[in-house]
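Hi everyone, thanks for making time this morning. I'd like to walk you through a structure, so let me put it up on the screen.

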Number of protein chains: 2
Amino acid sequence: MTRPTPLSGFPEWLPEQRLAEQQVLDRLRRTFELYGFSPLETRAVEPSTSCCARGDLQGGLHAAPPAGDRRRRRRAEPRPALRPDCPFRPLCTGARRQAAVPVPPVPDPEGVAGERPAAGRYREFLQADIDIVDRDTLPSHYEAEIPLVIGDALRALPIPPVTILVNNRKLCEGFYRGLGIDDPEEILRIVDKLDKVGPSVVKDEIAQKHGAARADACLALAGISAKDASFVDEVRKLGVEHPLLDEGIAELAAVVETAREHSPGLVQATLKIARGLDYYTGTVYETELAGFEQFGSICSGGRYDNLASAGKDVFPGVGISIGVSRLLGLLFKADALSVSRPVPTAVLVALWSEEERAVSNRIAASLRARGIATEVAPVPAKLGKQIRHAERRGIPFVWFPANGENPDQVKDIRSGEQVDAEGWAPPAEDIAPTLR
Amino acid sequence: MTRPTPLSGFPEWLPEQRLAEQQVLDRLRRTFELYGFSPLETRAVEPSTSCCARGDLQGGLHAAPPAGDRRRRRRAEPRPALRPDCPFRPLCTGARRQAAVPVPPVPDPEGVAGERPAAGRYREFLQADIDIVDRDTLPSHYEAEIPLVIGDALRALPIPPVTILVNNRKLCEGFYRGLGIDDPEEILRIVDKLDKVGPSVVKDEIAQKHGAARADACLALAGISAKDASFVDEVRKLGVEHPLLDEGIAELAAVVETAREHSPGLVQATLKIARGLDYYTGTVYETELAGFEQFGSICSGGRYDNLASAGKDVFPGVGISIGVSRLLGLLFKADALSVSRPVPTAVLVALWSEEERAVSNRIAASLRARGIATEVAPVPAKLGKQIRHAERRGIPFVWFPANGENPDQVKDIRSGEQVDAEGWAPPAEDIAPTLR
């Protein structure tokens with residue numbers, strides 16, 4: 001076997017970074033479960049259809065898009081992001097909650113085929129995705145619930161605070177239609193570029209076709225943001241009226257106020273958020289990580305009414321994805337997230353001689369039975385060498401089995417403190433590697 | 001989006017089966033961590049090389065083999081099953097323990113390209129793999145440790161008992177060489193077919209080239225099995241001598257005796273086990289599940305000295321893989337493994353009216369804060385309808401918020417028992433879905 005070739009776009013993380021990733025995924029899954037989300041798996045391959053010829057594999061199969069990656073989901077609609085048994089089967093009753101954590105790392109077929117990987121853009125990545133889907137109708141209060149889940153999930157991690165920016169498609173569309181604009185999608189696409197091209201370019205582009213007054217109104221709407229329902233008055237002040245605008249305002253106010261009660265400061269109505277994807281039909285989400293705003297959204301999604309159907313049944317849904325690989329890549333690079341040690345092991349049991357391995361094995365077994373991760377020294381080297389082995393592996397404690405007159409003892413190799421092993425247990429913070 | 005096409009070879013499990021799979025993976029990982037195994041990830045794609053042209057994707061990348069699938073690892077050696085940073089980098093000191101749990105479901109490129117999927121053979125599957133690898137040398141006691149880990153991991157699951165069948169390549173090779181046979185690999189390959197073709201065919205095939213006496217000796221060796229070191233005497237009785245035979249006997253005796261102290265009955269020296277793969281160089285493992293013996297090994301592996309190298313460094317290792325999808329497929333089909341409920345949710349909080357949703361949300365938030373997975377009813381339907389919603393979802397408890405004179409109450413919808421909610425918590429066995 002030859003040394004494997006590093007691959008551009010495939011993150012290679014240190015063992016301790018993998019441990020950190022695992023812990024992040026565990027905590028996300030735990031939060032999702034507390035809200036009733038069931039695990040979801042997606043197949044790594046799907047049957048090809050004529051309209052997704054890119055990324056084709058032989059045999060009529062191709063790599064499937066990552067679950068929850070709505071950009072790809074949309075581009076290749078016949079590739080299901082929801083598995084066939086869910087929500088399409090009768091066993092699914094009531095609003096299904098499904099979480100794909102971890103979405104197995106999936107090679108991005110478009111990335112592999114065409115795109116250049118960039119900072120924070122990987123060709124293979126993990127996403128943690130939640131969706132709530134129902135048949136025929138889905139009450140809008142689920143759009144208010146999604147930010148609570150994400151808030152709980154991300155605030156449970158030792159990372160900088162996040163702000164979830166929310167907007168509502170009905171609000172924007174109703175506003176544009178109230179202005180007499182026939183193609184609200186076009187305005188959405190223009191406003192979506194606001195942060196990139198600046199307000200004057202956006203204004204010019206809208207004004208060219210719809211006049212300066214309408215362009216000003218659109219920019220004024222995009223400029224509104226608030227962490228409570230006060231945005232409603234600001235929108236009303238613009239004097240535009242449309243039934244769809246009213247509906248969107250009510251939905252967005254419910255999202256912001258529900259979140260404000262749950263986690264003050266978590267959610268901010270931000271009326272320039274467009275998400276640029278025409279299948280969103282209600283609330284849309286983006287998420288800023290404090291200090292990392294320039295890297296863009298770390299968690300995005302929205303309400304989609306027309307994405308999934310089967311015969312005459314429709315399956316409206318709302319979902320959001322945390323870009324786990326992207327988020328961790330940014331945090332690792334900034335040295336803003338790590339684990340307390342690089343191995344699960346808390347204790348190395350020393351070994352006096354190969355003949356006494358069974359003695360050390362028994363000690364290890366009894367520690368493991370108490371939930372303490374333990375290894376036995378690889379060889380009966382000199383004691384100093386065994387301690388250095390623990391040090392190099394990052395194992396904090398060495399257990400010395402009884403030897404002649406000496407009873408069993410345990411050494412904390414960080415402090416050098418050595419104590420009688422009788423009744424010893426590692427301090428709570430040393431039982432497992434912890435995120436910090 | 002159209003209804004996705006079912007794909008032959010891709011298991012589609014019910015939501016409760018996915019929950020079961022998740023719990024199995026969690027428990028396996030927990031056991032692996034107790035032995036100090038660190039998580040390992042493998043890329044889903046690897047650079048193509050000339051000798052693994054099958055399964056090629058465009059762009060010089062192809063789907064990588066599942067980590068730990070040694071058959072494939074061998075067939076396509078330049079495709080690394082061990083990641084580049086591990087164990088090839090200086091940060092790896094001492095024997096590395098790495099566990100790939102879950103190995104992300106990986107489409108089997110060979111299966112996709114050629115093989116027909118069969119019962120228990122999937123084109124996409126999960127494996128849980130552990131390996132211990134070191135630079136230059138790896139003490140043989142690690143070969144005795146692997147069955148302890150697997151024994152702890154599988155015995156922690158509510159599945160039928162397993163027996164790990166072990167043999168040693170040095171023992172067989174030494175025995176055949178002691179008989180004066182020059183090509184021990186050839187005999188291994190013939191003996192590997194024993195269960196399939198029967199002893200007389202095996203005997204004839206060996207006898208043809210090496211004479212009846214040698215064939216009888218080989219069959220006699222293959223017939224030996226024991227759950228303790230008593231196999232040693234039986235081998236000695238065959239009167240064959242060779243230094244490699246002595247080495248193999250000592251190693252196998254250590255594996256069997258170490259396991260016998262740890263978990264009596266778990267490991268059985270079974271001298272017909274060959275594993276048919278010529279890169280194994282020491283202990284080999286297969287695992288039988290009681291009542292499912294006819295489906296073959298559910299967990300296999302062995303010691304490999306020559307699989308990985310980098311320049312003049314070699315990286316001997318020992319590893320084993322649990323075929324998780326295969327194991328679960330067999331158990332699900334036999335109705336021998338399930339979870340206590342199909343959703344994580346323990347409590348559904350009822351809803352009196354849409355205006356009072358914030359009240360129900362607050363109750364849900366306080367239950368979640370106590371680690372109790374909770375949903376709020378989707379709509380303020382009649383109470384009977386809300387209870388039926390919980391029933392259909394498989395949620396065991398419904399919480400009724402205070403209403404007029406009535407205080408908060410909780411109903412166990414299985415027994416119909418309704419109690420005051422003050423200080424209530426679900427019984428331990430109902431907090432989360434449990435494997436059974």
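Before I point at anything, one cut-off: a residue is called buried when its relative accessible area is under 20%, exposed when it is over 50%, and partly exposed in between. And please keep in mind that what you see is a predicted model.

Look at chain B and find B:Leu138, in the loop between strand S7 (127-133) and helix H4 (141-155). Is B:Leu138 buried or exposed? Its relative accessibility is 6%, so B:Leu138 counts as buried. B:Leu138 and B:Arg303 are 165 residues apart along the chain, yet 9.7 Å separates their C-alpha atoms.

Now to charges. In general, side chains of opposite charge can pair when their charged atoms come close. How many salt bridges does the structure hold over all chains? The count is 40, and I've picked a few to show you.

Start with A:Asp313 and A:Arg135, whose side chains form a salt bridge with an N to O distance of 2.7 Å. A:Asp313 belongs to strand S14 (residues 313-314) of chain A, while A:Arg135 sits in the loop between strand S7 (128-133) and helix H4 (141-155) of that chain, so this pair ties together parts 178 residues apart in sequence. On the accessibility side, A:Asp313 is partly exposed at 24%, and A:Arg135 is partly exposed at 30%.

Next, A:Glu186 and A:Lys209 make a salt bridge at 3.5 Å, N to O. This pair connects helix H6 (residues 184-192) of chain A, where A:Glu186 lies, with helix H8 (residues 199-210) of chain A, where A:Lys209 lies, and the two residues are 23 apart. Here A:Glu186 counts as buried, at 18% relative accessibility, whereas A:Lys209 counts as exposed, at 61%.

Over in chain B, B:Glu286 bridges to B:Arg275, with the closest N and O atoms 3.0 Å apart. B:Glu286 is in strand S11 (residues 280-289) of chain B and B:Arg275 in the loop between strand S10 (267-270) and S11, so the bridge ties together parts eleven residues apart in sequence. B:Glu286 is buried at 18%, and B:Arg275 is partly exposed at 22%.

One more on charges: A:Asp26, B:Arg29 and B:Glu33 are linked in a network of salt bridges.

The buried residues in H11(A) include A:Leu245, A:Ile249, A:Leu252, A:Val256 and A:Ala259. As a reminder, an α-helix has 3.6 residues a turn, so residues three or four places apart point the same way. Among the elements that cover the buried residues of H11(A) are helix H5 (169-178), helix H10 (231-237) and strand S10 (267-270) of chain A.

In chain B, have a look at helix H9 (residues 212-222), whose buried residues include B:Ala215, B:Cys218 and B:Leu219. What do the buried residues of H9(B) pack against? Their partners are helices H5 (169-178), H6 (184-191), H7 (194-197), H8 (199-210) and H10 (231-237) of chain B.

Now the sheet I wanted to show you. It is an open sheet of five strands in chain B, in the order S17-S16-S18-S19-S20, with mixed pairing. Strand S17 (374-376) and strand S20 (418-420) of chain B are at the edges with a single partner strand each, so one side of each has no neighbour in the sheet. On average, neighbouring strands of this sheet are turned by 25° against each other, direction ignored. S16 (residues 347-349) and S18 (residues 397-400) of chain B run parallel and are joined by three bridges; B:Val347 has B:Phe397 as its bridge partner in S18(B). Helix H13 (residues 357-369) of chain B lies across S16, S17 and S18, at about 175° to S17(B).

A:Cys218 is buried, with a relative accessible area of 1%. For A:Cys299, the nearest cysteine sulfur, again that of A:Cys172, is 19 Å away, and A:Cys299 is buried at 1%.

Technical notes: Residues numbered from 1 in each chain as written. Chains lettered and ligands numbered in written order. Predicted model: local features only at pLDDT ≥ 70, side-chain atom pairs only at ≥ 80, totals over all residues. Heavy atoms only, no water. Salt bridge = Lys/Arg side-chain N within 4 Å of Asp/Glu carboxyl O. Helix = DSSP H or I, 4+ residues; strand = E, 2+ residues; numbered from the N terminus. Buried < 20%, exposed > 50% of the residue type's maximum accessible area, 1.4 Å probe, protein only. Contact = heavy atoms within 4.5 Å. Pairing = 2+ DSSP bridges. Axes fitted to C-alpha atoms, helices over the stretch in contact; angles between N-to-C directions. Disulfide = S-S within 2.5 Å.
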